[in-house]
Amino acid sequence: MHLKGKRAIVTGSNSGIGLGVAVELARAGADVVINSFTDRPEDHALASQIAAEHGVAVRYIAADMSSAADCRALVESAGGCDILVNNAGIQFVAPIDEFPTERWDAIIAINLSSAFHTTAVALGGMRERGWGRVINIASAHGLTASPYKSAYIAAKHGVVGLSKTVALECAGQGITCNAICPGYVLTPLVEAQIPGQMKAHNMGRDEVVKKVMLARQPSGDFATVEQIGGTVVFLCSDAAAQITGTTISVDGGWTAL
Ligand code: NAD
């Protein structure tokens, strides 16, 4: 319960890694704001469920991370935060000469620019309180590349650079900023890529998962959302107070190859 009294915002957290991170922060005692662009009864019910399970305050705030105004309004309507986890992200796969401009713009907005806008608003309160954690969910694709993912890889490399810059601007102020770089984590975003990969490689599900998707993950296993959440909680601990401006890979050895 070392995060009791801290307020966290996790963008894109009604599913996948963001939800896993929100749950681990709640388990560690933080009050949490979860978010996505929808505003359905089940989004609010999810917040109530996490609150009841972990005995912390959890709110759902709808905000579209492709909109600069919504990103800024999210942090403002939450009343600021001590822990900001920029997690919202989308993917699109196509050769660069066929890559739709609209998809490029959406990926850069949601996966990169949203972190700029939320961080810009959140830092003031963190500075006043002399404590803050900005944690950006980048990717192994923030450090390496693969074909056909130009926008995603450009955005994730951008997130790594943004994290370093924010770390330097906040150094010595009790605020750290880092990027977590997961390899493949089995979430809806990855599930959605499996049919396309099966078609492209003419393989069944198990074969395409092992031979294609996890080919660069030497452990041969997906990382879990709980492991990413646990890494976020570690970065919020006193043990991590001097870890700033860097990347932490949770990738089964991907970037060691
Ligand atoms: P996911 O599709 O399960 O979750 C994405 C979340 O972002 C959802 O909650 C979705 O509602 C939200 N979202 C999408 N567009 C949004 C918008 N415009 N405004 C607000 N919220 C929006 O995906 P995931 O796999 O959990 O991915 C989460 C993050 O982790 C992404 O940034 C992704 O790039 C990164 N990541 C994922 C993996 C992986 O293997 N799953 C690996 C490395 C990095």
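Reader: How far apart do the C-alpha centres of domain 1 and domain 2 lie?

Author: They lie 25 Å apart. Domain 1 covers 7-185 + 223-249, and domain 2 covers 186-222; these bounds come from an automatic or database domain assignment.

Reader: What makes residues of the two domains count as being in contact?

Author: Contact means heavy atoms within 4.5 Å. By that rule, 17 residues of domain 1 are in contact with 12 residues of domain 2.

Reader: Before we go on, what am I looking at, and what are the ground rules?

Author: This is a predicted model, in which local features need pLDDT of at least 70 and side-chain atom pairs count only at pLDDT 80 or more, while totals for chains, interfaces and linings use all residues. Residues are numbered from 1 along each chain as its sequence is written, and side-chain values use heavy atoms, with hydrogens and water left out.

Reader: How many helices and strands does the protein chain have?

Author: Nine helices and seven strands. Both are DSSP runs numbered from the N terminus: helices are H or I with at least four residues, strands are E with at least two.

Reader: How do you know what radius of gyration a compact globule of 257 residues would have?

Author: There's a rule: 2.2 Å times the number of residues to the power 0.38, with the radius of gyration taken over C-alpha atoms. For 257 residues that gives a value near 18 Å, and the protein chain has 18 Å, so the two agree. Along its principal axes, the C-alpha trace spans about 55 × 40 × 35 Å.

Reader: What about Ala109, buried or exposed?

Author: Ala109 comes out at 17%, so Ala109 counts as buried. Ala109 is part of helix α4, residues 101-129, and beyond its neighbours within four places in sequence Ala109 is in contact with Met65, Ser66 and Ser114. Over the whole protein chain, buried residues make up 51% of the 257 residues.

Reader: What is worth noting about the phi of Tyr148?

Author: Phi of Tyr148 is positive, about 75 degrees, although Tyr148 is not a glycine. Most residues other than glycine have a negative phi. Tyr148 is in the loop between β5 (132-137) and α5, and its relative accessible area of 49% makes Tyr148 partly exposed.

Reader: What is the phi of Asn202, and which class of exposure does Asn202 belong to?

Author: Phi of Asn202 is near 50 degrees, a positive value in a residue other than glycine. At 71% relative accessible area, Asn202 counts as exposed. Asn202 is in the loop between α7 (194-201) and α8 (205-213).

Reader: Last one: which side chains make up the positive and negative counts?

Author: Lys and Arg count as positive, Asp and Glu as negative, while His and the chain ends are not counted. That gives 19 positive and 23 negative side chains, with the centres of the two sets 4 Å apart. Each charge is placed at NZ of Lys, CZ of Arg, CG of Asp or CD of Glu.

Technical notes:
Buried < 20%, exposed > 50% of the residue type's maximum accessible area, 1.4 Å probe, protein only.
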